[in-house]
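Take a look at the fold below before reading on. The text then walks through it step by step.

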Amino acid sequence: MEPRLSYVIGRLERVLRRRLTAAVEPNGLTLPAYTALSVLRAQNGLSNAQLARRSFVTPQSMSEVMTLLVDKGYVRRRAAPGHGRVIRTELTASGRRALERCDHAVDLVEQEMLGDLDAREVTSLRDVLLRCGRALDFELAERAAG
């Protein structure tokens, strides 16, 4: 009997998380910190709540990640203009360099994972996984639609 697809995806997620954690740790980052920096590279100036959602952690966990990243000088936090209570987070040049160092290690993990697939299969896999994610995540579907 074939394993359930949800089991296969969950197993891959756990193995991938372990491998990515091992890839970024030598650069002094946790996987949630690397994810947060990656999110900020794509969309700088997010609030803590927005960053937490896009990084797949709770706002409380993101606060801990932010403490690490601010202490390392990888991000800076500023009050949003006209919204004194909303704090925007911005990637610094130092944070961008740290992210680039980790990107190489993450690329190697992805290359190993996808090594048996051709470019068309990788594109197809990405598209299918994104569609599956949108089917289960209302917020993700809303961003893709608008």
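Start with the whole chain. This is a predicted model. The protein contains seven helices and two strands. In sequence order, the pattern reads α-α-α-α-β-β-α-α-α. Along the principal axes, the C-alpha atoms fill a box of roughly 55 × 35 × 25 Å.

Now the packing of helices. Two packed helices are described by the angle between their axes and by the distance between the axes.

Begin with α1 and α5. Their axes come within 9 Å and cross at roughly 145°. The crossing is right-handed. Which residues meet here? From α1 come Leu12, Leu16, Arg19, Leu20, Ala23 and Val24. They face Cys102, Ala105, Val106, Val109, Glu112 and Met113 of α5. This contact of α1 with α5 has 10 nonpolar residues, two charged ones and no polar ones.

Stay on α5 and turn to its contact with α2. The axes of α2 and α5 lie 10 Å apart, and the packing angle is about 115°. Angles of 65 to 115 degrees count as roughly perpendicular, so α2 and α5 are roughly perpendicular to each other. Their crossing is left-handed. On the α2 side, the contact uses Tyr34, Leu37, Ser38 and Arg41. On the α5 side, it uses Gly95, Arg96, Leu99, Cys102, Asp103 and Val106. By class, the contact of α2 with α5 divides into five nonpolar, two polar and three charged residues. Cys102 and Val106 of α5 take part here, and Cys102 and Val106 also meet α1.

Next, follow α2 to α3. The axes of α2 and α3 come within 9 Å and cross at roughly 110°. The two helices are therefore roughly perpendicular to each other. The crossing of α2 and α3 is right-handed. Here Thr35, Ala36, Val39 and Leu40 of α2 meet Leu51, Arg54 and Ser55 of α3. The contact of α2 with α3 counts four nonpolar, two polar and one charged residues.

Last comes the empty space. Rolling a probe the size of a water molecule over the atoms shows where such space is left. How much space lies in the largest pocket? The volume is about 2,300 Å³. The pocket is lined by 41 residues, and the closest to its centre are Leu16, Phe56, Glu110, Leu129 and Leu130. Leu16 also belongs to the α1 contact with α5.

Which elements give two or more residues to the lining? They are α1 (5–24), α2 (31–42), α3 (48–55), α5 (93–114), α6 (119–136) and α7 (138–145). Yet α6 gives the most to the lining, with nine residues. Glu110, one of the residues closest to the centre of the pocket, counts as charged.

Key:
Residues are numbered from 1 along each chain as its sequence is written. This is a predicted model: local features need pLDDT of at least 70, side-chain atom pairs count only at pLDDT 80 or more; totals for chains, interfaces and linings use all residues. Side-chain values use heavy atoms; hydrogens and water are left out. On a 1 Å grid over the protein atoms alone, a cavity is a set of points where a 1.4 Å probe fits but cannot get out, and a pocket is an open set with protein on both sides within 12 Å along at least five of seven lines; lining residues have an atom within 4 Å of a point. Grid points are joined across faces, edges and corners, and a volume is the space filled by probe spheres set on the points. Helices (H or I, at least four residues) and strands (E, at least two) are DSSP runs, numbered from the N terminus. Axes are lines fitted to C-alpha atoms, for helices over the stretch in contact, and angles run from 0 to 180 degrees between N-to-C directions. Angles under 35 degrees count as roughly parallel, over 145 as roughly antiparallel, 65 to 115 as roughly perpendicular and the rest as oblique. A crossing is left-handed if the near helix is turned anticlockwise from the far one by less than a right angle, and right-handed if clockwise. Contact means heavy atoms within 4.5 Å.
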